[in-house]
Amino acid sequence: METRIIDGRKVAEQIKAEVTEELQELSKKNLVPGLAAVLVGDDPGSQLYVRMKARTSKELGMHSEAIELPGETTTEELLQVIDRLNQADEIDAILVQLPLPDHIDEDQILLAVRPDKDVDGFHPLNVRNLVTGKVGLAPCTPLGIMYLLKSEGIELKGLEAVVVGRSNIVGKPMAFLLLHQHATVTLCHSRTRDLPAVCRRADILVAAVGQPALITRDYLKEGVVVIDVGINRVESVEEGVRLFGKNSKRIGRIEERGYTLVGDVHPRDPLGVAKAVTPVPFGVGPLTIAHLMKSTVMACRLRKR
Ligand code: NAP
């Protein structure tokens, strides 16, 4: 079987083109959606994410704020920032970059974000909407994946979907979104018995685990569509050769930069077995930010309609 490699960048461009059209429409009503991304601490990876989110929203013509606070910011200080953003009319979407430092009460912060500006969908009201299948704000990675499956023309009704990983930000919302499209969903985790056998049932397999190349040939049914959410670093050349083959350009990348990225799915095993697979990088990654823009527009529409 020929395996299609799904280019997430193309799908992300499609999402952004839709956002641009929606922004033009909103501008006729003098509405400019606004996104605020809040970061506490100086983790370089999180800084990069927050700045990319702010930059993308600005490039598309939205109002954008990247708020970077020192690592010693207290829960009370962060609550004051959230309160200001809750009240700011130019802000439609508030995103608090996780994880927060240990001394901050994460639950208290996430509960403080106004539900109609809670673009990550963590507030109980939004979780309720997600579980009951109502329109509302939900985590952007699973929303981006649903958009991708639709744009691939995959009719989910009746399909077996297996999601590996049960985090609140990816696995659980993914399972509910697939369920609402009438897939038969199995949600797996670290205590699942015989994971390869459960995965082999899947017509759609979503891996959101954080374990490099966990999903190998043994987990895949012929014709499965594989969505790889994982982002893991491979730093050793030996490991790179094992995963990508000794002639892969990735080996040079490890030697030059010190690492390359691999997903939760083995990079070569699905080839010839799966119907389609998302690569890492450039698969699911670009969808998350693109869908954040779409969700920001949606938050603006829901709040200001
Ligand atoms: P997480 O909160 O660490 O959750 C990982 C989940 O995987 C947990 O439910 C855990 O089970 C399960 N798990 C761990 N080891 C397992 C194993 N050996 N077999 C079966 N299940 C196992 O991770 P996350 O936030 O969902 O992220 C998952 C991955 O996606 C990470 O690599 C992350 O970087 C990536 N990610 C990518 C994007 C993107 O935009 N592309 C967005 C978000 C996350 P238990 O619950 O039993 O512990």
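The structure is a predicted model, and its domain assignment gives domain 1 (30-114) and domain 2 (140-285). Taken over C-alpha atoms, the centres of domain 1 and domain 2 are separated by 29 Å.

**Nonpolar cores**

- The largest nonpolar core holds 50 residues, and within it Leu 149, Leu 178, Val 206 and Ile 227 are the residues that touch the most other members.
- This core draws on both parts of the assignment, with at least three residues coming from each of domain 1 (30-114) and domain 2 (140-285).
- When residues up to four places away in sequence are not counted, Ile 227 touches Ile 145, Leu 148 and Leu 149, together with Leu 205, Val 206, Ala 207, Thr 278 and Val 284.

**Packing of helix H1 against helix H6**

- Helix H1 (residues 8-27) packs with helix H6 (residues 140-151) at an angle of about 100°, and the axes of the two helices lie 10 Å apart.
- Because angles of 65 to 115 degrees count as roughly perpendicular, H1 is described as roughly perpendicular to H6.
- On the H1 side the contact is made by Val 11, Gln 14, Ile 15 and Glu 18, while H6 contributes Tyr 147, Leu 148 and Ser 151.
- Sorted by class, the residues in the contact of H1 with H6 are four nonpolar, two polar and one charged.

**His 291 in helix H11**

- His 291 lies in helix H11 (residues 285-304), and His 291 counts as buried because its relative accessible area is 9%, where buried means under 20%.
- Leaving aside neighbours within four places in sequence, His 291 is in contact with Ile 15, Cys 140, Leu 143, Gly 144 and Tyr 147; of these, Ile 15 and Tyr 147 also take part in the contact between H1 and H6.

- H7 is followed by His 182, a residue whose phi is positive, near 70°.

Methods:
Residues numbered from 1 in each chain as written. Predicted model: local features only at pLDDT ≥ 70, side-chain atom pairs only at ≥ 80, totals over all residues. Heavy atoms only, no water. Axes fitted to C-alpha atoms, helices over the stretch in contact; angles between N-to-C directions. Helix = DSSP H or I, 4+ residues; strand = E, 2+ residues; numbered from the N terminus. Parallel < 35°, antiparallel > 145°, perpendicular 65-115°, else oblique. Contact = heavy atoms within 4.5 Å. Nonpolar A, V, L, I, M, F, W, Y, C, P; charged D, E, K, R; others polar. Core = buried A, V, L, I, M, F, W, Y, C linked by side-chain atoms within 4.5 Å. Buried < 20%, exposed > 50% of the residue type's maximum accessible area, 1.4 Å probe, protein only. Domains from an automatic or database assignment.
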